[in-house]
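Let's take a walk through a protein structure together. Please have the sequence and the 3D view open as you read.

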Amino acid sequence: MSNAADVKQTKFYHYHVEAGGKMVPFAGYLMPLQYTGGIMQEHLHTREKAGLFDVSHMGQLVIEGKGAAAALERLVPVDLGALAIGQQSYATFTSELGGILDDLIITRWADNCFFLVVNASCKEQDIKHLREHLDNLDITYLSGQSLVALQGPKAKIIIGELAPAANELLFMNGCRTSIGGIDCYVTRSGYTGEDGFEISVADENATALADQLLAYDDVQWVGLGARDSLRLEAGLCLYGHDMDRGKSPVEAGLSWSISQSRREGGSKSGGFLGSDQILKHLADGVSTKRVGFVIDGRAPVREGAEIVDDQGNVVGVITSGGFGPTLQMPVAMGYVKTDFSAVGTKLDALVRGKSRAMTLVKMPMVPQRYYRGD
Amino acid sequence: MGEKIYTRDHEWLDITDGVATIGVTEFAQEQLGDVVFVDLPEVGALLTEGDEVAVIESVKAAGEVNTPLSGTVVGVNEALVEEPELLNSSPQKDGWMFKLALDEGYDISKLMNESDYQDYISANT
């Protein structure tokens, strides 16, 4: 999407290099694929302790103005009016044809103000989309904010010491708080399946915040490689791979993210881009859907591999796959014809002309450990 | 073992009596990252220089290994089936991949000695 000369760095670039980060261009930024520990070690560290992720490449946006909730509801199948202040929701930007333009997290900051975190690779397109459809609202791209995620079972101990108020948050809630004198917006969310936090901080304070977190022995940097294997085990979609314009939220297995009130018969039924098609998918079912697999043996099955039944008929395709360090076996997700989507179904993936036996499993493959209260 | 020779694709060969033991270099294993699976050739496979002979799967990606010379596979390192991580911990010894009985008249003039290989890596990183 950009020339090498345009590749941006985040405020943590020198920290990554110092930690041995293997820097790769990703969505217009030079980001750490992995550090000296390697993907396996970083993945396991996150599941056992606390991983620190630089996700500053993601887009942070604020949408503000009278009627912001109702206006944004035309773009996402979520009941934003029902969100309490500080509460978050996962959402998809739907297309007019019922596909997915991006997925995002929306946090209500005030009655008429929402904070959005969108994918790095989609952010320019998202901003254009928002400006096109929300011409009466102020849309601000927070270009001066960094974003880090602290993920794993030790995260709550660390945040409990540094920002006790944030440690009271339940999963998918956020608050403005101070961490060692640095103003931050902290949410209890993430992309690993673990309990954890995402912290938005002004660029000028970004490294000072990281210093406080990295002062803990249990905290280490974790790169994009482990971020991908962690989210895969947690059954979480990656935009552009496990979902795109060609898939509806129902096909993508994201029906849970469509609020009841936005469905057929709900108080705010439909009224979002592509709602006719998407509500039809909910009512009538879909012919293909996203499912998870564990693979026999040790050989990973990767994106693009065809899925075949025992007769050799192609019944689907893998959209994400790799080795799951926590499970110590290869895991994957992909789309299959609905007739083949029952848990326990045995199918094969074709890898370099060889069949790899796999079993369709319930997602997540590794239990999510979100904090929803004691 | 004799003196190793190296390819531009970061494989090493150790040739004794017309049989080459072949694996990937320390540099290659660093690039690959944590290896989780090695797809080895069948013993008896007839290979022509450049043929894909093995695939190394790391957590990150799949890397193909093409045979640097023509010949017949006469042995594979079965230890890699159970312990693919040997390819990370000992790529140039315990993590060898396969043995190839080289075709008559094989030509190693395009391959590099240790010192030339080190220069090659330095020039390309």
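**A buried arginine and its surroundings**

In this predicted model, a polar atom of the side chain of A:Arg290 lies 3.3 Å from the backbone oxygen of A:Gly235. The backbone oxygen of A:Ala252 also sits by that side chain, at 2.6 Å from a polar atom of A:Arg290. To find this arginine in your view, look for strand S14 of chain A, which covers residues 288–295.

Which side chain of opposite charge is nearest to A:Arg290? The answer is A:Asp242, 5.9 Å away. A salt bridge here requires the nitrogen and the carboxyl oxygen to be within 4 Å. A:Arg290 is buried and has no salt bridge. If you set aside the neighbours within four places in sequence, the residues in contact with A:Arg290 include A:Cys237, A:Glu251, A:Leu254, A:Tyr335 and A:Met363.

That last residue leads us to another detail. The peptide bond that runs from A:Met363 to A:Pro364 is cis, with omega near 0 degrees. You will find A:Pro364 in the segment after S19 of chain A.

**Charged pairs within chain A**

Now let's turn to charges. Side chains of opposite charge can pair when their charged atoms come close. Over all chains, the structure holds 16 salt bridges.

A:Asp79 counts as buried, with 15% relative accessibility.

Another pair to look up is A:Asp183 and A:Arg176, which form a salt bridge with their closest N and O atoms 3.2 Å apart. A:Asp183 is partly exposed, at a relative accessible area of 44%. A:Arg176 counts as partly exposed too, at 47% relative accessibility.

**Where the two chains meet**

Next, zoom out to see chain A and chain B together. How many residues does each chain bring to the contact? Chain A brings 15 residues and chain B brings 16 residues. The area buried between chain A and chain B is about 1,300 Å², and carbon and sulfur atoms give 49% of that area. Three arginines, A:Arg298, A:Arg302 and A:Arg352, supply 43% of the area that chain A buries against chain B, more than any other three residues.

In one of them, the side chains of A:Arg352 and B:Glu57 meet with N and O 3.1 Å apart.

Between chain A and chain B, 10 residue pairs are in polar contact. On the side of chain A that touches chain B, the elements that give two or more residues are strand S2 (29–34), helix H2 (38–48) and strand S19 (354–361). H2(A) gives the most to this side, with 4 residues. The residues of this side of chain A divide into 6 nonpolar, 3 polar and 6 charged.

**Two backbone details**

Let's finish with the backbone. A:Ala27 is a residue other than glycine with a positive phi, near 50 degrees. A:Ala27 has its place in the loop between strand S1 (22–26) and S2 of chain A, and counts as buried at 17% relative accessibility.

In chain B, B:His10 is not a glycine, although its phi is positive at about 70 degrees. Look for B:His10 in the loop between strand S1 (5–6) and strand S2 (11–16) of chain B. B:His10 is buried, with a relative accessible area of 17%.

Definitions and conventions. Residues are numbered from 1 along each chain as its sequence is written. Chains are lettered from A and ligands numbered from 1 in the order in which they are written. This is a predicted model: local features need pLDDT of at least 70, side-chain atom pairs count only at pLDDT 80 or more; totals for chains, interfaces and linings use all residues. Side-chain values use heavy atoms; hydrogens and water are left out. Contact means heavy atoms within 4.5 Å. Buried area is the accessible area (1.4 Å probe) that two parts lose on being put together, summed over both. A polar contact is a pair of N or O atoms within 3.5 Å; within protein, one must be able to donate a hydrogen and the other to accept it, and residues adjacent in sequence count only if both atoms are side-chain atoms. Ala, Val, Leu, Ile, Met, Phe, Trp, Tyr, Cys and Pro count as nonpolar, Asp, Glu, Lys and Arg as charged, and the others, Gly among them, as polar. Buried means under 20% relative accessible area, exposed over 50%, partly exposed in between (1.4 Å probe, protein chains only). Lys and Arg count as positive and Asp and Glu as negative; His and the chain ends are not counted.
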